[in-house]
Amino acid sequence: MTDAAIQSRRLGIIGSAVGLLALLVSALTYLLPDTLLRGLPWEDGLLTAAVSLGLLAIVFAVLAVIFREEKLLAAIAAVLGAAAIAVQVWWVLIVVVLAMMIANAFLF
């Protein structure tokens with residue numbers, strides 16, 4: 001009998017936890033009232049922390065795939081990280097989509 005090799009899940013779990021934390025921080029930038037944030041330094045700090053944690057979650061997801069860990073946890077980490085970044089730059093995405101719609105209307 002041969003023992004089946006157990007796949008490592010360490011990087012995927014760490015990436016998922018970091019991605020969840022990034023999404024939480026990203027949501028806090030919109031949910032906390034301005035009186036609690038008290039000016040731009042706190043708001044900029046939360047924005048930077050959310051994007052940095054989101055990128056870190058994506059890095060852990062890529063490393064999990066490179067080291068052949070379980071792909072489901074790597075995908076969860078990547079989606080959570082990307083969602084945290086998307087929450088911060090949602091207005092940029094809306095402008096890009098509107099520009100594409102206007103260009104499509106004029107070109108076709």
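Predicted model: local features only at pLDDT ≥ 70, side-chain atom pairs only at ≥ 80, totals over all residues.
Residues are numbered from 1 along each chain as its sequence is written, and side-chain values use heavy atoms, with hydrogens and water left out.

**Whole chain.** Start with a cartoon view. The protein chain has five helices and zero strands, in the order α-α-α-α-α along the sequence (helices are DSSP runs of H or I with at least four residues, strands are E runs of at least two, numbered from the N terminus). Of its 108 residues, 25% count as buried (buried is under 20% relative accessible area, exposed over 50%, partly exposed in between, with a 1.4 Å probe and protein chains only). Among contacts with a separation of 6 or more, 80% join residues 24 or more positions apart (a contact is heavy atoms within 4.5 Å).

Next, colour by pLDDT, the predictor's confidence in each residue from 0 to 100. The chain mean is 85, and 88% of the residues reach 70 or more.

**Helix H1.** Select 10–31, which is helix H1. H1 has 22 residues and reaches 31 Å from its first C-alpha to its last, close to the 32 Å expected at 1.5 Å a residue (the expected span is 1.5 Å times one less than the number of residues). Its buried residues include Gly12, Gly15, Gly19, Ala22 and Val25.

Now pick Ser16, also in H1. Ser16 counts as buried because its relative accessible area is 13%. Beyond four places in sequence, Ser16 touches Leu73, Ile76, Ala77 and Leu80.

**The nonpolar core.** Show side chains for Leu11, Val18, Ala57, Phe60, Ala61, Ala64, Ala74 and Ala77, the eight residues of the largest nonpolar core. Helices H1, H3 (40–66) and H4 (71–88) each supply at least two of the core residues. H3 gives the most, with four. The term covers buried Ala, Val, Leu, Ile, Met, Phe, Trp, Tyr and Cys residues joined through side-chain atoms within 4.5 Å.

Centre on Ala77. Leaving aside neighbours within four places in sequence, Ala77 is in contact with Gly12, Gly15, Ser16, Ala57 and Ala61.

**Ile58.** Move to Ile58 in helix H3. Ile58 has 27% relative accessibility and therefore counts as partly exposed. Residues up to four places away aside, Ile58 touches Ala78, Gly81, Ala82 and Ile85. Its C-alpha lies 8.3 Å from that of Leu80, which is 22 residues away along the chain.

**The salt bridge.** Finish with Arg9 and Glu70. The structure holds one salt bridge (a side-chain nitrogen of Lys or Arg within 4 Å of a carboxyl oxygen of Asp or Glu). Glu70 pairs with Arg9, and the closest N and O atoms are 2.6 Å apart. The pair links distant parts of the chain, 61 residues apart: Glu70 is in the loop between H3 and H4, and Arg9 is in the segment before H1. Glu70 is partly exposed at 22% relative accessible area, and Arg9 is partly exposed at 45%.
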